[in-house]
Amino acid sequence: MVRFGAFHQLLKLKAEEAGAWAVEAPTRQIKPSQTCHACGQQEKKPLSQRWHSCPCGTSCSRDENAARVLLAWLERSLSGREPADAWREVRPGHPLDESALPSKRETHAVA
Ligand SMILES: [Zn+2]
């Protein structure tokens, strides 16, 4: 049996080998399965409840909702930062190939 800490290390290593990264989300704070991805309302659900239905009208599987909550958390965590800064946070100690990052977006006004 692989210990949880060892599993995370292995997961990060495998992600890097695949050219990606692994980020550990603070699920006790985010509560992905109890939070609506659309409106943020929280409602405690038993594990047997596999469907997410919210008064805001959102309806999807519990797993899809949790995945969307986690994705929104990641986007919020990384937004507003330069790609290089985000990289250093999720892959500390790893050199950055800046040419592999998307170029900085600029907003152009349309008249
Ligand atoms: Zn909702």
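A residue is counted as buried under 20% relative accessible area, as exposed over 50%, and as partly exposed in between. These classes are applied here to a predicted model. Lys14, at 48% relative accessibility, is therefore partly exposed, whereas Glu17, with a relative accessible area of 57%, is exposed. The side chains of Glu17 and Lys14 form a salt bridge with an N to O distance of 3.4 Å. Both belong to helix 1 (residues 4-17), where a spacing of 3 residues separates them by about one helical turn.

The structure contains 3 salt bridges. In helix 3, Glu64 and Arg68 are 4 residues apart, again about one helical turn, and their closest N and O atoms lie 2.9 Å apart in a salt bridge. Glu64 is partly exposed at 36%, as is Arg68 at 42%. Arg50 is paired with Asp63 at 3.2 Å between the closest N and O atoms. Because Arg50 lies in the loop between helix 2 and strand 1 and Asp63 in helix 3, this pair ties together parts 13 residues apart in sequence.

A zinc ion is held by the SG atoms of Cys36, Cys39, Cys54 and Cys56, which lie 2.3 Å from the ion. The angles among the 4 donor atoms range from 103 to 116 degrees, and the site is tetrahedral. The donor residues follow the spacing C-x2-C-x14-C-x1-C. Cys36, in the loop between helix 2 (27-30) and strand 1 (51-53), and Cys54, in the loop between strand 1 and strand 2 (59-61), link distant parts of the chain, 18 residues apart. Cys36 is buried at 2% relative accessibility, and Cys54 is buried at 11%.

Asn65, in helix 3 (residues 62-78), is buried at 0% relative accessibility. Its contacts beyond four places in sequence include Cys36, His37 and His52.

Technical notes. Residues numbered from 1 in each chain as written. Predicted model: local features only at pLDDT ≥ 70, side-chain atom pairs only at ≥ 80, totals over all residues. Heavy atoms only, no water. Donors = N, O, S within 2.8 Å, 3.2 Å for Na, K, Ca; no water. Tetrahedral: all angles 85-135°; square planar, octahedral: opposite > 155°, others 65-115°. Helix = DSSP H or I, 4+ residues; strand = E, 2+ residues; numbered from the N terminus. Buried < 20%, exposed > 50% of the residue type's maximum accessible area, 1.4 Å probe, protein only. Contact = heavy atoms within 4.5 Å. Salt bridge = Lys/Arg side-chain N within 4 Å of Asp/Glu carboxyl O.
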